Amino acid sequence: EFWEIYKLDVVVIPTNRPIVRDDREDLIYKTNKEKYKAVIDEVNKLTEAGRPVLVGTTSVDISERLSAMLDSSGISHNVLNAKQHQREAEVVSEAGLPSKVTIATNMAGRGTDIKLSQQVKDAGGLAIIATERHDSRRVDRQLRGRAGRQGDPGMSQFYVSLEDTLMRNFGSERVAGIMDKLGHKEGDVIQHSMVSKSIERAQKKVEENNFGVRKRLLEYDDVMNIQREAIYSKRNHALNGKRLTVDLNNMFIGLTENIVENNVQYGDYESFRNRSITALGIDPEITEDEFASKNIDDLIDMYQHQVNRMYGTKSKQIRDILLPTIKRVYEAEGHKYKRIAIPYTDGRAKQLNISAGLEEAIGSDGGTIMRDIEKAIMLALIDENWKEHLRAMDELKESSQSASFEQKDPLVIYKMESFNLFEKLMKNINYDVCSYLMKGKLFIDTGDGNLKEAKEQKTDLSKMQTNEGRRTAEEQAMRRAAAGAGRAVQKVETFKREQKKVGRNEPCPCGSGKKYKHCCGK
């Protein structure tokens, strides 16, 4: 498994001293009742011989059930499971004493050595009694390995019943049939290497199934890992700031091309204008005639040139507004503060308090101010969209499992759909970042404790018309409807006819002599 998945070799490290532990063949009983009775008898026999006993169980429930049976037999013991984890060190320290019985789950006490006195070693060492075979051979080996450590003497014995989960899943009926044919009586036991190997083969099948599950899970994780690397690469670019300008330029190019191409193919100029205003807050300078006559590459170049020019103008205005304030703060309190918070919002999303460096802004004559704003906005919107994408991917992973009912591989469906989701994620990030930067507004503290919108400098931007004056009738109607929501409902007036309603089978009032339904009522 290590080699198939991780391409790593596995080396077996030999034991420090030769193992002298006696690993006995499994004892097979027909029912759990017979098995537990045999376990109690064996524990009683071993304690009388002065040997410590460690009884291994597969669950807390079985450990408590076995504890009750030992109590009823008058055998003193300790229980080590998840409910007694605070006493673990104390219980483990006593587990190697003569005639001491400890019941433990497979997980309890792992990684600790049970120390044995010379008296215990002379009596035969620690005895391991396992009440059930685990699904994994590795766990069984770890339980056996509690005894016989560092060359100490010891013994391990597994007690199995045909009612155990592992045996029920892998052919216990066949073994039960053989026992019945041999004239099995209550308390009879089977002990044969063939049966032990059969159990190991069952365990191997379970391990192979588990390996398949882990490998499948890794293939699902690989899809997410590729997407994660792409997103974190974009995020690191924003953090470092080295490729920030390039990434932003690519985002604006992608969005502007998308806006033009999606509307040119339908020849819909009004939809192009509305999309530009909605996405970037820009009323395009491209006229309707130019939109209809020019080729798509020219339209994209014209539109991108306008967007870049307006974004450059906006960046300069923000720098001119903030730089005097930053200089004033730096001169007055530069010894106390290294950075200043810049409130920025697009009017829809939550306001972002962007941190800008004082010394860097002054040293670059305000050149780093817009870079800090771009960096903060990109990081915030990447994180927000990525969290939504992770939720969508979790839902996709669950829903794709139903593809197996259509005789399709759920993993293939998951890979195809996850690619579509990732493309949508990247488009959403590009749209949100560009839209926030273009439509965002700066707020400054006027000194009275209230945040006010920063007044932009008067600039001759005759082409930069306001959205309010050129909204479509549909947009204005939607805004009026939204504004009127929640207000008092006006009284509805009943409509009254001035003339009697003409029936379908009555003569047509036009004088044709035909029935109304065959004349004007068609």
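Is Asp-41 buried, partly exposed or exposed, and what is its relative accessible area? I opened the predicted model to find out. Asp-41 turns out to be partly exposed, with a relative accessible area of 42%.

**Entry: helix 2.** I looked for a partner and found Lys-37, whose side chain meets that of Asp-41 in a salt bridge at 3.5 Å, N to O. Both residues sit in helix 2 (residues 32-48), four residues apart, about one turn of the helix. Lys-37 is exposed, at 54% relative accessible area.

**Entry: helix 3.** Next I checked Arg-65, which forms a salt bridge with Asp-61, with the closest N and O atoms 3.3 Å apart. These two are four residues apart in helix 3 (residues 60-72), so about one helical turn separates them. Arg-65 is partly exposed at 39%, and Asp-61 is partly exposed at 48%.

**Entry: other salt bridges.** I noted 26 salt bridges in the count. One of them joins Glu-406 and Lys-408 at 3.4 Å, N to O. I also found Arg-21, Asp-23 and Arg-144 joined into one network by salt bridges that share partners.

**Entry: a pocket.** I turned to the second largest pocket, with a volume of about 510 Å³. I counted 15 lining residues, with Glu-1, Arg-138, Glu-207, Phe-211 and Arg-214 nearest the centre. Helix 9 gives the most to this lining, seven residues. The lining divides into six nonpolar, two polar and seven charged residues.

**Entry: a nonpolar patch.** Last, I saw Phe-2, Tyr-6, Leu-8 and Val-10 make a nonpolar surface patch of about 450 Å². Leu-8 lies in the loop between helix 1 (2-6) and strand 1 (22-23), and is partly exposed at 45% relative accessibility.

How values were computed
Residues are numbered from 1 along each chain as its sequence is written. This is a predicted model: local features need pLDDT of at least 70, side-chain atom pairs count only at pLDDT 80 or more; totals for chains, interfaces and linings use all residues. Side-chain values use heavy atoms; hydrogens and water are left out. Patches are made of residues with over 30% relative accessible area and no salt bridge: like charges are joined within 9 Å, nonpolar side chains (Val, Leu, Ile, Met, Phe, Trp, Tyr) within 5 Å. Accessible areas come from the Shrake-Rupley method with a 1.4 Å probe; for residues, only the protein chains shown count as cover. A salt bridge is a side-chain nitrogen of Lys or Arg within 4 Å of a carboxyl oxygen of Asp or Glu. Buried means under 20% relative accessible area, exposed over 50%, partly exposed in between (1.4 Å probe, protein chains only). On a 1 Å grid over the protein atoms alone, a cavity is a set of points where a 1.4 Å probe fits but cannot get out, and a pocket is an open set with protein on both sides within 12 Å along at least five of seven lines; lining residues have an atom within 4 Å of a point. Grid points are joined across faces, edges and corners, and a volume is the space filled by probe spheres set on the points. Ala, Val, Leu, Ile, Met, Phe, Trp, Tyr, Cys and Pro count as nonpolar, Asp, Glu, Lys and Arg as charged, and the others, Gly among them, as polar.
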